[in-house]
Amino acid sequence: MKAALSGLRAWAVQRASALVLLSFTLYLVVELLLHPPRDAAAWHAWVLRPAMRTGLLFMFVALALHAWVGTRDVILDYVKPFYLRLAALGLLAAALLATLICAAALLLTP
Amino acid sequence: MRSATQPAGEPAEPFAREQRPNESARPTYLNPLKVKLPVTATVSLGHRVSGVLLVLALPLLLWALARSLSGEAGYAQVAAWLSGSPSRVLLLVLAWALAHHVVAGVRHLLFDAGIGTRYGMARRTAWAVHLLTLALVAVAGFALFGPAP
């Protein structure tokens, strides 16, 4: 079964998305520790400013790709029967796609 | 190893499996709870477990984000949920997951660049991963359970 994204491409996607996630996570942690938004309005304004929307969207795309490569590896290691494997991978793909779509909907609505 | 005289049912050794073509008949023993695990193995195991935990937590975290942005009532609901003790314990576990996954991931990226791949260095960096993760979890624990700012 040749999975989508295999071999060198999967490795490259995993490393590239890891770098994106690493930088963004570091930025978020530092920013939230130094300047935590204090209430609902401040939180709303901070998350939904244009720069943060773009950044978060990038982050969620990278996250979906990174989670796909990583979790697919786990499934391939432990789920051997063909149809179970197909179901597990399908479920994973659906869950990650749904998460990405929900995140995009959240970040793209005015 | 199967033969016509063996009864059907559970094999005696843990994780024993059917012999595939081109595979030798030597038995394997792969019970992670009984095999001695060097520190490099615990880092790798933790990397996988933490990754799975983070993926499982993703929908929950996205829901919390969306809810907290939906208005005063949503924000209050998420804040109330986050202030409960069970949620804080969950967040501490997720903090461990994120810390371990990121620190072990950085070690992996260094391996990709060829840094630290000799076994002596690999063991030392593995210990460093555990220690750094613990330090980060301690910080998170303080933030979650310590005195309010």
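Tutor: Two residues are in contact when they have heavy atoms within 4.5 Å of each other. By that rule, the contact between the chains takes 18 residues from chain B and 27 residues from chain A. The model is predicted, so local features need pLDDT of at least 70 and side-chain atom pairs count only at pLDDT 80 or more, while totals for chains, interfaces and linings use all residues. Residues are numbered from 1 along each chain as its sequence is written, chains are lettered from A and ligands numbered from 1 in the order written, and side-chain values use heavy atoms, without hydrogens and water.

Student: How much area do chain B and chain A bury between them, and what part of it is on carbon and sulfur atoms?

Tutor: About 2000 Å², with 75% on carbon and sulfur atoms; buried area is the accessible area (1.4 Å probe) that two parts lose on being put together, summed over both. On the chain B side, B:Arg48, B:Leu62 and B:Leu69 lose the most, together 32% of what that side buries.

Student: What makes A:Asp77 and B:Arg48 a salt bridge?

Tutor: The rule asks for a side-chain nitrogen of Lys or Arg within 4 Å of a carboxyl oxygen of Asp or Glu. Here the N to O distance is 2.7 Å, so the pair qualifies. Two salt bridges are counted between chain B and chain A.

Student: Which elements of chain B give two or more residues to the side that touches chain A?

Tutor: They are α1 (39–68), α2 (72–83) and α3 (85–112) of chain B, where a helix is a DSSP run of H or I with at least four residues, numbered from the N terminus. The largest share, eight residues, comes from α1(B). By class, this side has twelve nonpolar, three polar and three charged residues.

Student: How do you know that chain A is more spread out than a compact globule?

Tutor: Chain A has four helices and zero strands. Its radius of gyration, taken over C-alpha atoms, is 17 Å, against the 13 Å that the globule rule gives for 110 residues. The rule is 2.2 Å times the number of residues to the power 0.38. The value is well over the rule, so chain A is more spread out than a compact globule. Its C-alpha trace spans about 50 × 25 × 20 Å along the principal axes.

Student: What makes the pair B:Asp112 and A:Arg15 join two chains?

Tutor: Their side chains meet in a salt bridge at 2.4 Å, N to O. B:Asp112 lies in helix α3 of chain B and A:Arg15 in helix α1 (residues 8–34) of chain A, so the pair joins two chains.

Student: Why is A:Arg15 called buried, and why is B:Asp112 called partly exposed?

Tutor: Buried means under 20% relative accessible area, exposed over 50%, and partly exposed in between (1.4 Å probe, protein chains only). A:Arg15 is at 18% and therefore counts as buried, whereas B:Asp112, at 34%, is partly exposed.

Student: How do you know that A:Asp73 and A:Arg72 form a salt bridge?

Tutor: The closest N and O atoms are 3.7 Å apart, so the pair meets the cut-off. A:Asp73 is partly exposed at 31%, whereas A:Arg72 is buried at 4%.

Student: In which helices do A:Asp77 and B:Arg48 lie?

Tutor: A:Asp77 is in helix α3 (residues 50–78) of chain A and B:Arg48 in helix α1 of chain B, so this pair joins two chains. Both count as partly exposed, A:Asp77 at 39% and B:Arg48 at 26%.

How values were computed:
Ala, Val, Leu, Ile, Met, Phe, Trp, Tyr, Cys and Pro count as nonpolar, Asp, Glu, Lys and Arg as charged, and the others, Gly among them, as polar.
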